[in-house]
Amino acid sequence: MRSLFCIMTEIFIFFILILGAAFGSFFNVCIYRIPLKKNIVYRSSHCPVCNTEIRHIHNIPIFSYLVLKGKCNECGTKISIRYLLVEIITPIIFILIFLMNNRIPDFIFFKYIIFASFSIIIFFIDLDHKLIPDVLSLPLILIGLGFSLIPNVD
């Protein structure tokens with residue numbers, strides 16, 4: 001019989017998987033819009049070619065990309081594989097942080113999740129545009145300083 005700890009770990013991993021994929025989808029919005037200086041929350045997702053708003057049913061992380069075969073449902077424009085990669089990489093990194101943190105979702109876990117989240121966004125923006133936007137690096141400096149002031153937290 002499996003222990004309660006194993007069952008709780010599996011539940012946390014499933015929760016982190018779903019939440020990580022959703023965050024990955026949001027990270028894609030940030031990766032696309034921040035370098036273009038577009039608002040990341042004002043407008044819902046849309047096809048950059050035909051400008052059609054993406055329906056909620058077609059905006060489910062990972063699943064929608066696979067079902068739509070990596071194309072816009074309206075105009076058929078190919079969607080970059082990067083969107084799928086970010087939506088897969090994000091929950092994997094989140095799960096690895098959870099496992100490396102002894103399967104405990106504590107303050108340290110959330111600290112590393114925050115830094116990993118910024119890192120994913122910065123990595124892909126830098127990969128595409130060869131820049132690290134101040135809108136990401138400056139808050140990250142403040143967050144890092146804030147964490148450094150909290151005692152007894154590695």
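Helix H1 gives the most to the lining of the largest pocket, with 5 residues. The structure is a predicted model, in which local features need pLDDT of at least 70 and side-chain atom pairs count only at pLDDT 80 or more, while totals for chains, interfaces and linings use all residues. Residues are numbered from 1 along each chain as its sequence is written, and side-chain values use heavy atoms, with hydrogens and water left out.

View A. The order of elements from the N terminus is α-α-α-α-α. Helices (H or I, at least four residues) and strands (E, at least two) are DSSP runs, numbered from the N terminus. Along the principal axes, the C-alpha atoms fill a box of roughly 50 × 45 × 25 Å. Of the 154 residues in the chain, 32% are buried; buried denotes under 20% relative accessible area, exposed over 50%, and partly exposed the range in between (1.4 Å probe, protein chains only). Contacts are heavy atoms within 4.5 Å. Among contacts between residues at least 6 apart in sequence, 57% join residues at least 24 apart.

**View B. The largest pocket has a volume of about 640 Å³.** Of its 32 lining residues, Ser-45, His-46, Ile-54, Ile-79 and Tyr-83 are the closest to the centre. H1 (4–33), H2 (63–67) and H3 (81–100) each supply at least two residues of the lining. The lining comprises 14 nonpolar, 11 polar and 7 charged residues. Here Ala, Val, Leu, Ile, Met, Phe, Trp, Tyr, Cys and Pro count as nonpolar, Asp, Glu, Lys and Arg as charged, and the others, Gly among them, as polar. On a 1 Å grid over the protein atoms alone, a pocket is an open set of points where a 1.4 Å probe fits, with protein on both sides within 12 Å along at least five of seven lines; lining residues have an atom within 4 Å of a point. Grid points are joined across faces, edges and corners, and a volume is the space filled by probe spheres set on the points.

**View C. The second largest pocket has a volume of about 260 Å³.** Its lining holds 15 residues, and those nearest the centre are Leu-19, Phe-94, Phe-109, Phe-110 and Ile-113. H1, H3 and H4 (107–129) each supply at least two lining residues. By class, this lining has 13 nonpolar, 2 polar and no charged residues.

**View D. The buried residues of H1 pack against H3 and H4.** H1 has 30 residues and reaches 43 Å from its first C-alpha to its last, close to the expected 44 Å; the expected span is 1.5 Å times one less than the number of residues. Buried positions of H1 include Ile-16, Gly-20, Gly-24, Phe-27 and Ile-31.

**View E. The buried residues of H3 pack against H1, H2 and H4.** The end C-alpha atoms of H3 are 28 Å apart, which agrees with the 28 Å that its 20 residues should span. Among the buried residues of H3 are Arg-82, Glu-87, Phe-94 and Phe-98. Asn-102 follows H3 and has a positive phi, near 60°.

**View F. The largest nonpolar core has 21 residues.** Ile-121 and Leu-136 have the most contacts inside this core. H1, H3, H4 and H5 (134–148) each supply at least two of its residues, and H4 gives the most, with 9. A nonpolar core is a set of buried Ala, Val, Leu, Ile, Met, Phe, Trp, Tyr and Cys residues joined through side-chain atoms within 4.5 Å. Leaving aside neighbours within four places in sequence, Leu-136 is in contact with Ile-34, Phe-118, Ile-121, Ile-122 and Ile-125.

**View G. Pro-105 lies in the loop between H3 and H4.** With a relative accessible area of 32%, Pro-105 is partly exposed. Not counting residues up to four places away in sequence, Pro-105 touches Phe-12, Phe-98 and Phe-110. The C-alpha atoms of Pro-105 and Phe-12 are 8.5 Å apart, although 93 residues separate the two in sequence.

**View H. Lys-78 is found in the loop between H2 and H3.** Lys-78 counts as exposed because its relative accessibility is 65%. Beyond its neighbours within four places in sequence, Lys-78 is in contact with Gly-70 and Lys-71. Lys-78 and Asn-28 are 50 residues apart along the chain, and their C-alpha atoms are separated by 16 Å.
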